[in-house]
Amino acid sequence: MSRPPLPPFTRETAAQKARMAEDAWNSRDPVRVSLAYTEDSRWRNRSEVLQGRDAIVAFLTRKWEKEQDYRLIKDLWAFDQNRIAARFQYEWHDAGGQWYRSYGNEQWEFDEHGLMKRREASINDIAIAEKDRRFHWAAPGPRPADVPGLGTDPF
């Protein structure tokens, strides 16, 4: 299976890959998201390490049960050959209604077919008041074209 755009990446194709990942994660469909990864993809997400699509689906299912009304923005940070670094923010609330904004960085490594074989994510959560939310589009679903990325002042 091939998943364009393929490495080696240009600035344009790396940004396209980051937006495709954002759109998939905003679907909150663990199976859809998992198909962007190799069968044996290795992940580090915060302190959790996992491997393989089945583990990815299980992880994302747990994640979105906890992180309700999840909305995500990813921006390209850097790229080289078959690697991309992205920064991201997402907002969500827990079962008690407390909202959070999560800030993070990811490093991705792709195989020759454009599937991600390695993902490392570092993430920090900050409790926010509902009135301080910035991501308000209908969810689940992709960020609308008129909603800007993180820009030069993401805080």
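Where is the place of Gln81? Gln81 is in the loop between strand S3 (68–80) and strand S4 (83–93).

## About the model

This model is predicted, so to speak of local features here takes pLDDT of at least 70, side-chain atom pairs count only at pLDDT 80 or more, and totals for chains, interfaces and linings use all residues. Residues are numbered from 1 along each chain as its sequence is written, while side-chain values use heavy atoms, with hydrogens and water left out.

Helices (H or I, at least four residues) and strands (E, at least two) are DSSP runs, numbered from the N terminus.

Most residues other than glycine have a negative phi. "Partly exposed" sits in between buried (under 20% relative accessible area) and exposed (over 50%), using a 1.4 Å probe and protein chains only.

Now look at Arg46, in the loop between strand S1 (37–45) and strand S2 (48–51). Arg46 is not a glycine either, but has a positive phi of about 60°. With a relative accessible area of 29%, Arg46 is partly exposed.

## Two cis peptide bonds

Most peptide bonds are trans. Here's one that's cis: the bond from Pro7 to Pro8, with omega near 5°. You'll find Pro8 in the segment before helix H1 (11–27).

Further along, Ala139 and Pro140 are joined by a cis peptide bond, and omega there is about 0°. Pro140 lies in the segment after strand S6 (116–128).
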